[in-house]
Amino acid sequence: MKALITGITGFAGSHLADHILKHYPEWKIYGFKRWRSRDENIIHLMDKVELHDVDVKDFTAVNRFIEEIKPDRIFHLAAQSFVPTSWKAPMETLNTNIAGQVNIFEAIRQHNLQDGTVVQIACSSEEYGMVHPDEVPIKETNPLRPLSPYAVSKVTQDYLGYQYHQSYGIKAIRTRTFNHTGPRRGEVFVTSNFCKQVALIEAKIQPPVIKVGNLEAKRDFTDVRDVVRAYWLAAEKCEPGEVYNIASNKAYRIQDVVDMLIKMASIKIDIEQDPERMRPSDVMILLGDYSKFNQRTGWKPEIPFEKTLEDTLNYWRKKIAANL
Ligand code: GDD
């Protein structure tokens, strides 16, 4: 059996490869990566997975390798995934995320793989965007009111999954994942960024002040290792064409996250707001109801948020000590 992970060098992609290798060793893993991607997250996997230099925007390459591999499952995780970048480079974000999705579906369609290949699509809670206070915890039926070009790109991927299923019977499983974090998280994202700053402060490389953006926003965090377990179950057990929230059903103010990290730090740290870190429009609350996914798969998150933060902080401490 063959699993293809797009974005395998990334955060979720590399953890998913670890999960499959550990629990389903009979599966062969293929990965699409851009030739210029850093491979630090998959160094330990180099002789265990088969990698191909494929930019998902390049239809010729996507088409060729999907035809060659004929994967049983595709986990489509490659994306421009940082919300602020989508304001600076809206077209690039829309293009990468939407063209990448269409290219995968078109390759499946052209090679008549729709009966055998299941495609899990990494949609996002950002699609809900402007959520009203009486709409939490958010269900899949909530209106989508996207607040960034990134969110619009994810709404499009999500509905492409619906449309290609309706039009051609492609087995697309749409997972709307709420925030997830853990070791290997890109340094621009809030938890990882704050952990890195704490580690730099402890190492006396940064003055004892942590720079922050909007601390009033609330986010529902799940550990990445729980999330990749969910992706596997989604491809195995979920109904093609359907959409599922993956969340923890708990929300933390970003202020709470900084406070937790400051408590974990070995020295005293002050907080300073950096106007550069504020967004033109921020999603104020994301708190997800994952009962539909739980009923279908039995999944629930297992790793407490405190442990995730601790592991992420230790990841940065190690990286900084090793000067990586
Ligand atoms: N990045 C960042 N840096 N965010 C900050 C900071 C900071 O210094 N200070 C406060 N925040 C706030 C942001 O304004 C936002 O409200 C929240 O922290 C989380 O920001 P991010 O970690 O950048 O994530 P996101 O919520 O915008 O998007 C993430 O989650 C989505 C799922 O809901 C990304 O992983 C997306 O790719 C994903 O789809």
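Which residues does threonine 175 touch, not counting residues up to four places away in sequence? The views below build up to that residue in a predicted model, where local features need pLDDT of at least 70, side-chain atom pairs count only at pLDDT 80 or more, and totals for chains, interfaces and linings use all residues. Residues are numbered from 1 along each chain as its sequence is written, and side-chain values use heavy atoms, leaving out hydrogens and water.

**View A. The open sheet has seven parallel strands.** Their order is β3-β2-β1-β4-β5-β6-β11. Strands are DSSP runs of E, at least two residues, and helices are runs of H or I, at least four, both numbered from the N terminus. Two strands pair if DSSP finds at least two bridges between them. β3 (50-53) and β11 (243-246) are the edge strands, each pairing on one side only. From one strand to the next, the twist averages 20°.

**View B. Strand β1 (residues 2-6) runs parallel to β2 (residues 28-33).** Five bridges join them. Leucine 4 stands opposite tyrosine 30 in β2.

**View C. Helix α1 (residues 11-23) lies across β1, β2 and β4 (73-76).** It runs at about 165° to β1. Axes are lines fitted to C-alpha atoms, for helices over the stretch in contact (heavy atoms within 4.5 Å); angles run from 0 to 180 degrees between N-to-C directions.

**View D. Threonine 175 lies in strand β6 (residues 171-177).** It counts as buried (under 20% relative accessible area, 1.4 Å probe, protein chains only) because its relative accessibility is 0%. Threonine 175 touches Gln120, Ile121, Ala122, Cys123, Ser124, Tyr231, Ala234, Tyr244 and Ile246, not counting residues up to four places away in sequence.

Notes. Buried < 20%, exposed > 50% of the residue type's maximum accessible area, 1.4 Å probe, protein only.
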